[in-house]
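Subject: Structure for you to look through

Dear colleague,

I am handing over the structure below, and after it you will find my notes on what turned up. Please keep the structure open beside the text as you read.

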Amino acid sequence: MTATASAVRTDDQIQRDVLDELSWDPRVLSTDIGVTVHDGVVTLTGQVDGAARRWAAVRGAQRVRGVRAVADDIEVIPVGPVPVTDGALAIAAGRALEWNSFVPAQRLDLTVANGWIMLRGEVEFGWQRRTAERELRRIRGVRGVTNLVEVRPPARPDADRTRRDVQRALLRGIGTERVTVEVHGDTVTLSGVVRSWWERDQADRVAWSAEGVCAVRNELLVGG
């Protein structure tokens with residue numbers, strides 16, 4: 001869970017809005033998801049048929065104003081007229097990585113057990129690691145993805161240059177100076193306050209896109 005700035009809305013208001021948001025999003029089967037709220041922290045429960053739908057439900061809850069954090073207790077249970085075997089998932093996952101021109105599929109290995117994909121290997125950029133996981137999560141029948149891919153940049157980053165580059169990119173992308181960027185070795189730390197979960201996600205994406213970055217610590221709060 002990720003904490004955010006203090007909320008000013010009541011738990012009942014947030015719960016109603018989360019339920020409405022999940023009903024609005026066609027990617028989510030809202031009738032299968034339960035929503036409870038305590039002190040602005042949303043807990044999602046229930047069952048969905050794939051990791052992609054689970055991810056969509058979490059993102060839907062994060063979009064609601066006043067949500068401080070989201071606890072994801074949704075269970076993924078694939079359903080369908082024909083069960084998806086681990087062998088079929090492994091083939092589909094391998095092809096998904098090969099068809100994405102931004103993912104170095106030849107440097108990645110995957111195994112599948114009971115619908116859960118274990119991804120290993122090495123990439124040069126953090127955004128490649130994230131892209132590979134996103135591709136796998138969308139496959140029908142996938143219950144979850146464990147991403148053990150390591151980021152190994154070809155050269156050690158210059159901390160001052162990386163900090164300046166990330167700060168400029170944040171100004172271009174979300175237009176805020178309320179984000180503090182610190183770089184220690186190959187790790188970027190983001191702190192401060194942003195106006196929405198979308199801005200928080202954008203800041204995370206920007207940091208991961210910087211050359212030589214192996215890890216990002218996103219400590220941004222979502223507030224006004």
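Two strands are said to pair if DSSP finds at least two bridges between them, and the strands themselves (E, at least two residues) are, like the helices (H or I, at least four residues), DSSP runs numbered from the N terminus. Before going further, please note that this is a predicted model, in which local features need pLDDT of at least 70 and side-chain atom pairs count only at pLDDT 80 or more, while totals for chains, interfaces and linings use all residues. Residues are numbered from 1 along each chain as its sequence is written, and side-chain values use heavy atoms, with hydrogens and water left out.

Most residues other than glycine have a negative phi. Asparagine 114 counts as exposed because its relative accessibility is 56%, where exposed means over 50% relative accessible area, buried means under 20%, and partly exposed lies in between (1.4 Å probe, protein chains only). A positive phi of about 55° is also found at aspartate 39, which sits in the loop between β1 (33-38) and β2 (41-48).

β5 also has parallel partners: 4 bridges join β5 to β6 (residues 144-147), with glycine 144 as the bridge partner of tryptophan 116, and 2 bridges join β5 to β7 (residues 150-151), where valine 123 stands opposite valine 151. Which face of β5 is covered, and which is uncovered? The covered face holds Ile117, Leu119, Gly121 and Val123, whereas Trp116, Met118, Arg120 and Glu122 make up the uncovered one. In a regular strand the side chains alternate between the two faces of the sheet.

The next topic is the nonpolar core, meaning a set of buried Ala, Val, Leu, Ile, Met, Phe, Trp, Tyr and Cys residues joined through side-chain atoms within 4.5 Å. The largest such core has 40 residues, and those touching the most other members are Leu97, Leu108, Leu136, Leu170, Val181 and Leu190. Leaving aside neighbours within four places in sequence, leucine 170 is in contact (heavy atoms within 4.5 Å) with Gly175, Thr176, Val179, Val181, Ala203 and Val206. A second, separate core of 19 residues includes Val28, Ile33, Val35 and Ala56.

Finally, please look at asparagine 218, which lies in strand β10 (residues 215-218). Is asparagine 218 buried or exposed? Asparagine 218 counts as buried because its relative accessibility is 17%. Apart from neighbours within four places in sequence, asparagine 218 is in contact with Leu190, Arg200 and Asp204.

With best wishes
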